[in-house]
Amino acid sequence: MAEELQAEGDDMFIGFASRLDPANLKPGMLQASFNTRLQRGIAQPRKGTKRLTDNDLINLTMVGSGLYVDDAGHDNIVLVFTDRMYLYKPAQGSDPKDLSQAFLFPANRTIAVGGICDVVTALNKVYIFRGKYDKTTFATTQSNASIAIGATGTITVTTPTNHGYSNNDEVTIGYTSSTSAFQSVTGSYVITVTGPTTFTFQYTNNTASTYIAQTGQSGWTARRGKPPLIWEDGQATLSFAQQKFTIDGTTVTGITESVPCADFGLYFQNRLILKYGDYQMLVSDILSEQCDTTLNNFIINTGGNDSIVGVLPWVQDQFLVFMTKSIYVVYVETDNFATDSPPGAQSSTTVVTTEIGCLARRSIVSAGQFVFFLSANGVHMLTPQLDLKLLGNTLPLSEPIADFFDTVNYDTVQNSVATYFNNRFYIAMPTGTATRNDKILVYNTLNQNWESIDYYPAGLFQDNFILSAYIKQRRLMIITNFAGSTQYGGVFLTEEQVEGDEFNTSDVTPLLPFNLFPASLQPNGEPVKTESTIATTQNFIHIPASIKTREYAFGGTSEKRFSRGEFTFNNVQNDFVQIDATTYDPDSTETVLRYSFSGTTDGTLRPRIAARGTSIACTVNFVVGRPSLKSTAVYAIAANRPMISQE
């Protein structure tokens with residue numbers, strides 16, 4: 001005999017866990033959430049992006065970005081291209097948005113597409129790091145013609161073995177002798193290759209005497225590396241950090257007169273901290289860019305089949321060093337606060353964990369007392385102990401959504417980028433065959449659960465996140481790199497447009513896609529993107545948001561007859577939703593309601609389901625607008641025997 005009508009549902013939503021058995025999820029947990037925010041227990045589509053930049057830079061190729069604060073205290077987003085730099089200032093207070101002039105790089109000092117580009121603001125300057133030195137150092141000989149005072153001449157360099165250099169490589173030349181004329185030649189040059197063991201460079205004689213012609217002078221050293229580019233307010237072009245080696249015999253031992261080549265850096269406690277090698281970090285003198293590589297360096301876990309991935313400021317005079325397989329804390333003693341003072345003798349390195357490491361430098365983010373980062377096992381979180389020492393957890397924070405990481409493209413995952421904003425941790429990663437970040441995982445620290453998988457219109461890649469002032473508020477910006485005429489990049493303000501994502505250029509006829517019916521879902525629960533479209537005069541792209549509830553099994557695995565659902569919304573006029581019901585044993589998915597709200601008051605929808613199975617899950621597709629889903633419920637009658645004969 002059938003039992004009485006029962007109900008099961010959720011009256012709030014706090015997160016999703018896609019890896020776990022959806023029939024065993026706790027109340028309030030979803031099994032899927034796309035482009036959705038779970039705020040105060042209510043599920044609602046995220047707001048769309050607003051394009052801030054125009055089409056002025058569409059034909060250029062962008063390679064990096066960062067943030068610079070000018071003398072007036074205004075945030076400026078640094079846009080770095082292959083041969084130039086721009087500053088873009090979002091609208092701030094009464095000041096309108098502004099794009100600076102082009103600040104050109106020095107001749108032949110460029111950044112290749114896909115090359116290293118890290119932007120650091122320090123000492124009121126913008127530093128653009130382009131990679132560390134080549135490991136190979138050649139003891140060379142040089143010859144040249146006579147070069148008069150103020151003249152430019154060609155100097156030929158001969159290496160003992162094949163150098164492997166190419167035209168327009170940047171090479172630093174050093175000399176071991178004390179001969180002043182030869183010492184004046186030392187520095188960084190763009191070379192021309194003339195043979196497998198020879199190359200030339202142009203030297204301008206700014207000494208007080210003629211540079212006498214030499215033939216086959218030994219004692220020279222050559223090392224390939226791209227010196228950092230430097231810009232400060234008032235400069236029309238960028239300069240480069242002139243390299244001056246300290247040389248012992250034929251071995252380069254240090255550099256003492258400028259900031260050296262590095263993969264990346266940060267500014268912490270009035271010091272530049274740089275990655276100088278796979279196992280070596282450099283720390284500059286206080287309030288100075290000068291780095292003595294023989295004294296101001298930290299060798300970390302050398303020879304351990306490990307390498308440095310990234311760094312993060314921690315507390316007091318400590319910073320964290322993330323390697324591929326381990327994590328360390330570096331303490332920089334400051335016993336003298338005078339300008340140009342080096343680190344103290346009590347500086348040290350301490351291991352945090354050797355069980356986990358980091359895959360992507362820009363995935364390392366601090367949020368209050370916690371540190372998030374991407375490892376080979378997913379997203380991890382470090383937590384401090386009472387003495388502020390960090391404790392690593394071997395269980396990833398992303399374990400409830402571990403199935404997502406099966407879709408990640410690990411060939412390019414090192415380009416992942418993360419940030420913390422508005423009580424949420426955002427991490428963008430490449431998925432499928434994408435080589436640029438095309439999906440964002442959102443972790444809500446208030447709910448202490450994963451909140452959503454966000455995705456944007458095709459082409460709006462998340463190459464960087466930047467927190468910048470916008471209309472007197474600190475806001476999250478997505479930076480999409482320009483890639484010539486084939487990729488319209490720019491600066492996009494997140495969580496701004498109610499109508500959808502603004503992505504296309506403003507001078508073309510835009511399209512506003514929205515779902516027409518019947519709609520369907522891909523196997524992973526993500527709404528299909530091959531929808532019919534209608535043309536409008538607005539430049540917005542619909543946000544395909546959806547949530548999928550846990551399975552409602554009504555306390556057992558017996559067969560049930562489902563009668564109806566109940567879904568409570570906050571809505572505005574013309575909001576449109578579609579509700580699908582998926583039953584299990586037998587498996588079936590059916591659209592049970594398509595509804596357009598006609599008023600502005602709360603609305604409760606009670607669609608008829610009329611299906612049977614052992615459990616049921618509901619998918620709510622937010623088709624038009626941003627209706628807020630407050631609760632869900634399904635009503636069913638459970639039987640103590642099969643309702644259909646199995647004979």
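Trainee: What should I know before I start?
Mentor: The model is predicted: local features need pLDDT of at least 70, side-chain atom pairs count only at pLDDT 80 or more, and totals for chains, interfaces and linings use all residues. Residues are numbered from 1 along each chain as its sequence is written, and side-chain values use heavy atoms, without hydrogens and water.

Trainee: How do strands pair in a sheet, and in what order do the four strands of the open sheet stand?
Mentor: Strands of a sheet pair through backbone hydrogen bonds, either parallel or antiparallel. Strands are DSSP runs (E, at least two residues), numbered from the N terminus. A pair needs at least two DSSP bridges. Here the order is S6-S43-S42-S41, with antiparallel pairing. S6 (48-51) and S41 (464-470) are the edge strands.

Trainee: Which residue stands opposite Gly 48?
Mentor: Gln 497 in S43 does. S6 and S43 (residues 490-497) share three bridges.

Trainee: Why is strand S34 called largely enclosed?
Mentor: Buried means under 20% relative accessible area (1.4 Å probe, protein chains only). Five of the six residues of S34 (370-375) are buried, so the rest of the structure largely encloses this strand. Five bridges join S34 to the antiparallel S35 (378-384). A hairpin of two residues links S34 to S35.

Trainee: How many residues does the largest nonpolar core have?
Mentor: A nonpolar core is a set of buried Ala, Val, Leu, Ile, Met, Phe, Trp, Tyr and Cys residues joined through side-chain atoms within 4.5 Å. The largest has 51 residues; Phe 569 is one of those with the most contacts inside it. Strand S52 (615-624) gives the largest share, four residues. Another core, of 17 residues, lies apart and includes Val 157 and Phe 201.

How values were computed: Buried < 20%, exposed > 50% of the residue type's maximum accessible area, 1.4 Å probe, protein only.
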